[in-house]
Amino acid sequence: MSTEGVASVAVVGSYNHGLTMSVPDIPVPGETVLGGDFEEGVGGKGSNQAVAAARLGADATFVGRVGDDRFADDALALWDEEGVTAAVERVPDTHTGVGFVVVEESGENAIAVAPGANARLDGEAVRAASDAVADADVALAQLEIEDEPVAAVAELAAETDTEFVLNPAPARELPADLLSGVDVLTPNRTEANVLTGHPPDADREPAALARDLLDRGPEAVVLTLGGDGALVVTDESETRVPPVEVDVVDTTGAGDAFNAGFAVARGEGADLVTAAEFGCRAGALACTDYEVVPALPDREAVEGLAGETQ
């Protein structure tokens with residue numbers, strides 16, 4: 001658990017080597033477009049959130065799997081450089097996860113992922129790293145891994161005082177017993193629609209959407225609304241968190257930065273709304289630069305932005 005105000009955050013999830021290309025417009029099916037800049041680098045929602053948590057001042061641990069290739073070497077070097085404790089096994093004869101990202105001039109993006117070693121992260125592997133979850137203030141997971149390891153995180157967190165935050169991205173329908181083990185669910189609108197069995201682009205009122213999710217088991221829902229901020233919903237209350245105005249360059253890492261910021265603030269003892277406000281500032285700053293890891297803000301930047309918006 002945290003000491004002297006430092007949050008302990010255990011992130012269970014994916015590492016993906018990122019391949020990113022800029023394009024004038026995201027192509028439609030069957031269309032080929034000529035891109036511009038190309039970058040190759042580190043990524044994956046789980047790893048991104050662990051790195052972001054470390055930059056925001058947390059004692060961060062990442063639990064995951066990588067392959068037996070040069071991409072895994074890059075991952076291990078990243079975690080060492082960023083001060084993230086890596087509870088990670090290299091899986092032989094398996095490639096490290098890979099993510100392909102296209103970013104259009106407006107800052108919008110489209111992403112495809114080949115899971116590779118991430119698909120080999122199972123419940124047994126999570127339980128083998130049980131101390132990382134048990135010793136954390138907050139355990140944070142996403143859905144670039146299978147249901148089994150996510151459920152294992154929920155079970156381990158329930159046995160301790162660890163709060164379990166699930167970022168359901170990329171979204172898929174989840175078993176009811178898994179959702180009932182979540183303390184805080186942090187979807188965006190698209191993900192919330194999918195989780196409730198609606199088309200991803202369904203035009204549903206945010207509060208009703210969040211309450212629909214709340215009825216499925218989580219203790220709280222923090223619905224992220226992009227440029228409209230966030231909505232924090234519990235059985236007792238609904239609180240709108242205003243957006244943070246920045247010059248948007250690339251939205252790719254905003255969700256990862258938000259979730260890391262939220263988890264770090266919760267680990268430091270912040271209430272749900274204050275934690276969502278901190279997450280919104282972290283997410284906004286992540287939109288001001290290209291790629292994900294280079295754009296993840298540090299604590300000083302987030303606190304500086306807080307001063308500017310007061």
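**Entry 1: the whole chain**

I started by counting elements in this predicted model: the protein chain has eleven helices and 13 strands. Next I looked up the radius of gyration, which is 18 Å, close to the 19 Å that the globule rule gives for 310 residues, so the chain is as compact as a globular protein of that length. I then boxed the C-alpha atoms along the principal axes and got roughly 50 × 40 × 40 Å.

How much of the chain is buried? I found that 53% of the 310 residues count as buried. For the surface, I noted that the chain exposes about 13,300 Å², with carbon and sulfur atoms supplying 47% of it. I also checked contacts between residues at least 6 apart in sequence, and 65% of them join residues at least 24 apart.

**Entry 2: helix 8**

I picked out helix 8, residues 206–214, and found it mostly covered, with seven of its nine residues buried. Among the buried ones I listed Pro-206, Leu-209 and Asp-212.

**Entry 3: Val-88**

I found Val-88 in strand 5, residues 85–90. Its relative accessibility is 23%, so Val-88 counts as partly exposed; the cut-off for buried is under 20%. Gly-64 is 24 residues away from Val-88 in sequence, yet their C-alpha atoms are 5.1 Å apart. Setting aside neighbours within four places in sequence, I listed the contacts of Val-88 as Phe-62, Gly-64, Arg-65, Val-66 and Trp-79.

Then I went looking for exceptions.

- Asp-93 has a positive phi, near 60°. I placed Asp-93 in the loop between strand 5 and strand 6 (97–104), and at 80% relative accessibility it counts as exposed.
- Glu-291 also has a positive phi, near 65°. This residue lies in the loop between helix 10 (272–286) and helix 11 (299–309), and at 24% relative accessibility Glu-291 counts as partly exposed.
- The peptide bond from Ala-169 to Pro-170 is cis, with omega near -5°. I found Pro-170 in the loop between strand 9 (163–166) and helix 6 (176–179).

Conventions
Residues are numbered from 1 along each chain as its sequence is written. This is a predicted model: local features need pLDDT of at least 70, side-chain atom pairs count only at pLDDT 80 or more; totals for chains, interfaces and linings use all residues. Side-chain values use heavy atoms; hydrogens and water are left out. Buried means under 20% relative accessible area, exposed over 50%, partly exposed in between (1.4 Å probe, protein chains only). Helices (H or I, at least four residues) and strands (E, at least two) are DSSP runs, numbered from the N terminus. The radius of gyration is taken over C-alpha atoms; the globule rule is 2.2 Å times the number of residues to the power 0.38. Contact means heavy atoms within 4.5 Å. Accessible areas come from the Shrake-Rupley method with a 1.4 Å probe; for residues, only the protein chains shown count as cover.
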